[in-house]
Amino acid sequence: MPPIGETSELERINQVIAEYGNNQSALIPVLQQVQEVYHYLPEEILTYVATALNLSPATVYGVATFYAQFSLEAKGKHVVRVCDGTACHVRGSTPVLNAIRKKVGLTAGMKTTGDRQFTVETVSCLGACGLAPAVVIDDRIYGQMTPEAVSIVLDELMKEVD
Amino acid sequence: MITTVQELNNRADLARKVLNQVRLRILVCAGTGCLANGSLEVYELLRDTVAALNENVEVVFDHEDSCQKTAIAVKHSGCHGFCEMGPLVRIEDPNSERHAGDGILYCKVRPEDVAEIVERTLQKGEVVDRLLYKHPVTGETYTYQGEIPFYAKQTRLSLANLGHIDPDDLGEYLAQDGYQAIAKALTDMTPADVINEMDASGLRGRGGAGFPTSRKWAAAAQESDPVKYVVCNGDEGDPGAFMDRSVMEGDPHRVIEGMMLAGYAIGASEGYIYVRAEYPLAVKRLRQAIKLAKDEGLLGNNIFGSSFSFEIHIKEGAGAFVCGEESALIASIEGERGMPRPKPPFPAQKGLWGKPTVINNVETLAAVPYIILRGADEFRKYGVPNSPGTKTFALTGEVANTGLIEVPMGLTLREVVYEIGGGVRGGREFKAVQIGGPSGGCLTKDHLDIPLDFDSLRSVGAMIGSGGLVVMHEGTCMVEVARYFMNFTQNESCGKCVTCREGTRRMLELEQKIVDGEGSLSDLELLEELAVVVQDGSLCGLGKTAPNPILTTMKYFRDEYLAHVEDHRCPAHVCQAMKSYFIIAEKCKGCSRCARVCPANAISGKVKEPYVIDQETCLRCGACVAACKFQAIEEVA
């Protein structure tokens with residue numbers, strides 16, 4: 001993750017703005033790119049985007065907080081997304097989620113571990129219902145998960161962390 | 001470049017010729033399900049192994065002499081639909097009559113199976129029996145894909161090319177009469193003819209509401225504004241539905257062609273495809289398809305030398321269920337919070353940037369090329385009079401054959417769940433099916449013979465919705481399922497209407513109270529009352545349909561609700577709060593294992609003597625049951 005406001009990264013965001021044009025319809029694609037760069041939406045950058053697109057910071061903040069994809073908090077190095085769509089839910093996604101949270105050491109209300117290694121969240125449906133319950137770790141899908149199986153996957157990741 | 005219909009036909013002929021010259025075609029499923037199960041490794045290994053045999057694996061559609069009779073084409077395809085059995089590998093022999101439109105299907109193929117497939121099937125023409133589909137009940141094996149009961153009952157019109165063509169190869173789509181429908185419309189039909197044909201077909205929107213597609217088109221066509229838009233709704237948000245994803249990933253050119261036909265019919269020259277952020281592969285395949293179509297002149301100015309021009313942009317969603325609602329989707333494309341707007345004016349009058357806009361779901365648009373090319377009468381041969389044609393369903397949950405299917409409208413639920421789906425997984429008893437996602441309803445055993453079409457389902461309080469079918473067995477608590485859906489809609493409510501924003505929250509609280517064993521009879525009354533208010537007072541489909549899961553479960557599973565509120569008992573043994581755990585003294589060896597795992601320190605006793613659980617401190621987490629090696633802990637619901 002680059003430090004906020006580093007010139008080369010602002011360059012990249014400027015390029016995106018140039019590509020999509022500086023009007024409101026560019027806002028969501030621009031925010032998606034910002035999140036791609038920083039893995040979240042830093043407040044300073046939101047103000048920058050607002051100025052560049054001729055929008056009020058409130059409009060940008062409103063859009064950024066509306067959509068589930070955007071995060072205003074920094075995420076961990078590994079993002080674990082547990083699918084809680086209907087198919088996954090009836091096939092037992094809740095025990096899988098609990099096992100993951102316990103494994104990485106998250107207590108109630110926490111989404112990201114203290115060492116910023118893991119962020120655990122749920123998504124409504126990945127459309128991979130044939131694999132239920134499904135878990136996505138850093139964009140790789142793991143299907144037919146059980147608390148035991150996900151624990152093995154996480155063990156591998158934690159080895160890398162060390 | 002393809003600038004005339006003649007050139008299109010020439011290219012299609014060439015593509016077909018090249019396809020027929022190939023000795024064998026191997027299609028490895030590259031749908032999301034199979035990819036996650038490792039189909040990419042299978043594909044790469046197959047390609048490399050075949051290449052090592054000095055066989056030509058690449059098929060180029062530009063040159064007639066590009067492949068020899070001995071060539072084996074190794075391709076990756078879109079979703080075959082039979083996700084339960086993935087990774088799937090289909091082998092087609094274009095020179096065999098038996099194979100016409102069919103092929104050998106190998107199931108659950110691992111990289112270690114590749115050598116045997118190459119040696120026995122590709123080189124010696126034998127079948128590898130152990131990789132064939134074996135019926136779990138009868139034990140019968142099936143060599144050809146079309147014979148498998150899962151496929152035999154299906155009619156694949158919109159999904160025809162899925163699993164059959166390589167989505168990244170334009171030539172393969174052309175060989176299947178690709179872009180012939182738009183060619184026919186541009187040369188032989190006026191825009192009004194196209195709308196009339198759609199009207200005759202009776203196609204109803206596949207996104208959920210079932211509104212006649214031709215009516216939307218006719219309304220937009222009437223508008224005099226020179227700028228109009230076609231929007232493809234690929235924001236498939238219903239948990240448990242993945243047909244739009246599969247079509248966009250497996251047959252992207254069909255979606256493009258459908259949009260072009262809509263554009264021609266209403267007089268639009270620009271289109272947007274709004275795809276869910278959770279579907280990166282669909283975005284990638286659509287981008288590639290648009291690029292190929294543009295490069296060939298199939299998209300752009302003066303298509304086939306006519307005055308019709310069309311271009312398509314992709315907009316990625318950012319994760320909001322409500323954006324599946326058309327006016328919210330428009331707001332999202334415009335860069336605003338995705339909130340619905342009051343109608344009228346309808347999008348067909350004032351839509352994207354205030355211009356007349358037609359919004360159709362992916363599956364609806366995918367049906368259009370078939371209707372225009374083959375004619376409305378051909379389409380009406382399938383389905384029932386009020387719901388003609390076919391519908392895709394995503395069959396998931398506790399069903400034996402999970403996957404994506406397409407059947408004529410009007411097939412019964414029993415045929416879908418038992419004959420295609422193979423019944424309930426593990427031979428357990430069927431309890432209910434949730435149809436249409438969070439907007440739909442739960443149906444019971446008594447509804448198994450109901451025909452699946454728009455009007456029949458509405459008459460029992462459910463809806464087809466996008467076509468998610470989640471099967472549940474007897475171990476599912478319907479109260480908990482209703483709570484789950486309420487949690488979903490409560491989370492996804494955009495907050496514009498008070499009844500939806502606050503109503504869904506209050507309904508969720510009541511459901512939670514019941515699931516926690518603290519509900520009362522008056523809570524059930526309050527739930528029913530609230531449901532009506534939320535339905536009546538909400539602007540868009542999200543709020544109007546949010547109470548459906550609760551209303552249908554309360555109607556068809558009232559005894560379960562009563563058991564929860566009157567006896568504080570969960571008949572399905574699911575709701576944690578109503579369970580209690582006891583140690584059976586005779587079985588307990590006093591090993592202290594349970595006491596050590598108990599997070600609440602609720603278990604006490606002396607080593608080598610029976611332990612006891614203190615019911616006051618017990619959290620009902622069940623950790624002790626899992627830890628006990630002597631099955632000495634009993635769960636009582």
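Biologist: Which residues touch the most other members of the largest nonpolar core?
Modeller: In this predicted model, they are A:Leu31, B:Leu261, B:Ala262 and B:Val433, out of 229 residues in that core. Helix α11 (residues 252-266) of chain B gives the largest share, nine residues.

Biologist: And what makes a set of residues a nonpolar core?
Modeller: Its members are buried residues of kinds such as Leu, Ala and Val, joined through C-beta atoms within 7 Å. There is also a second, separate core of 12 residues, including B:Ile583, B:Cys594, B:Cys628 and B:Ile633.

Biologist: Which residues is B:Val433 in contact with, leaving aside its neighbours within four places in sequence?
Modeller: B:Val433 is in contact with B:Leu413, B:Val417, B:Leu443, B:Leu469, B:Val470, B:Val471 and B:Met472. Contact here means that the C-beta atoms lie within 7 Å.

Biologist: Let's turn to a helix. Which residues of α3 (residues 43-52) in chain A are buried?
Modeller: A:Ile45, A:Tyr48 and A:Val49 are. To be called buried, a residue needs 20 or more other C-beta atoms within 10 Å of its own.

Biologist: How do you know that these residues are on the same side of α3(A)?
Modeller: They cover an arc of only 100° around the axis, so they sit on the same side. In general, an α-helix has 3.6 residues a turn, so residues three or four places apart point the same way.

Biologist: Nice! What covers the buried residues of α3(A)?
Modeller: The cover includes α2 (27-38) and α4 (57-66) of chain A.

Notes: Residues numbered from 1 in each chain as written. Chains lettered and ligands numbered in written order. Predicted model: local features only at pLDDT ≥ 70, side-chain atom pairs only at ≥ 80, totals over all residues. Helix = DSSP H or I, 4+ residues; strand = E, 2+ residues; numbered from the N terminus. Contact = placed C-beta atoms within 7 Å. Arc of directions from axis to C-beta.
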